[in-house]
Amino acid sequence: MATIDTIKEVLQDNLDIEPETVNEESTFESLGIDSLDMVELICDLEEKCDVDFGEPEGLETVGNLVEYIDNL
């Protein structure tokens with residue numbers, strides 16, 4: 001499964017964000033994701049992708065997150 005699809009799935013399951021509204025240019029702010037939601041999203045993705053994110057910084061768009069995960 002592509003990283004973007006995994007992110008869309010987690011967003012839909014946990015934050016009720018429709019996958020078709022999410023693309024790599026989507027900002028977390030435009031999706032209504034606040035800092036608390038972001039922490040939850042990161043934790044869920046760490047579990048689902050079996051990775052350790054460490055302390056990601058500067059993630060403003062879904063594309064930034066995809067690139068970060070793909071480079072782990």
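There is one aromatic pair in this predicted model by the ring rule used here, which pairs rings of Phe, Tyr and Trp (its six-membered ring) if their centres lie within 6.5 Å, calling planes under 30 degrees apart stacked, over 60 edge-to-face and the rest tilted. The partners are Phe53 and Tyr68: their ring centres sit 5.7 Å apart with the planes at 40 degrees, so this pair is tilted. It links distant parts of the chain, since Phe53 is in the loop between H2 and H3 while Tyr68 is in helix H3, 15 residues apart. Helices here are DSSP runs (H or I, at least four residues), numbered from the N terminus.

A word on the ground rules. The model is predicted, so local features need pLDDT of at least 70 and side-chain atom pairs count only at pLDDT 80 or more, while totals for chains, interfaces and linings use all residues. Residues are numbered from 1 along each chain as its sequence is written, and side-chain values use heavy atoms, with hydrogens and water left out.

Now for who is inside and who is outside. Buried means under 20% relative accessible area, exposed over 50%, and partly exposed in between (1.4 Å probe, protein chains only).

| Residue | Relative accessible area | Class |
|---|---|---|
| Phe53 | 2% | buried |
| Thr61 | 18% | buried |
| Tyr68 | 24% | partly exposed |
| Cys49 | 26% | partly exposed |
| Cys43 | 42% | partly exposed |
| Ser35 | 60% | exposed |
| Glu25 | 63% | exposed |

Helix H3 (residues 62-70) has Val62, Gly63, Leu65, Val66 and Ile69 buried. They are on the same side of H3, because they cover an arc of only 160 degrees around the axis, taken from the directions from the helix axis to the C-beta atoms. H1 and H2 are among the things covering these buried residues.

In soluble globular proteins, nonpolar side chains tend to be buried together. Here, the largest nonpolar core has 19 residues, and those with the most contacts inside it are Ile7, Leu11, Phe28, Leu41, Leu45, Val62 and Leu65. H1, H2 and H3 are the elements that give two or more residues to this core. A nonpolar core is a set of buried Ala, Val, Leu, Ile, Met, Phe, Trp, Tyr and Cys residues joined through side-chain atoms within 4.5 Å.

What does Val62 touch, not counting residues up to four places away in sequence? The list includes Ile4, Ile7, Val22 and Phe28, with contact meaning heavy atoms within 4.5 Å.

With residues up to four places away in sequence left out, Thr61 touches Glu24, Glu25, Ser26, Thr27 and Phe28. A polar atom of the Thr61 side chain also lies 3.0 Å from the backbone nitrogen of Asn64.

As for Glu25 itself, this residue is in the loop between helix H1 (3-15) and helix H2 (35-49). Glu25 and Ile69 are 44 residues apart in sequence and 16 Å apart in space, C-alpha to C-alpha. Ser35 lies in helix H2, and its C-alpha is 19 Å from that of Glu18, 17 residues away in sequence.

Finally, the cysteines. The disulfide count is zero, where a disulfide is a pair of cysteine sulfur atoms within 2.5 Å.

Terms used. A polar contact is a pair of N or O atoms within 3.5 Å; within protein, one must be able to donate a hydrogen and the other to accept it, and residues adjacent in sequence count only if both atoms are side-chain atoms.
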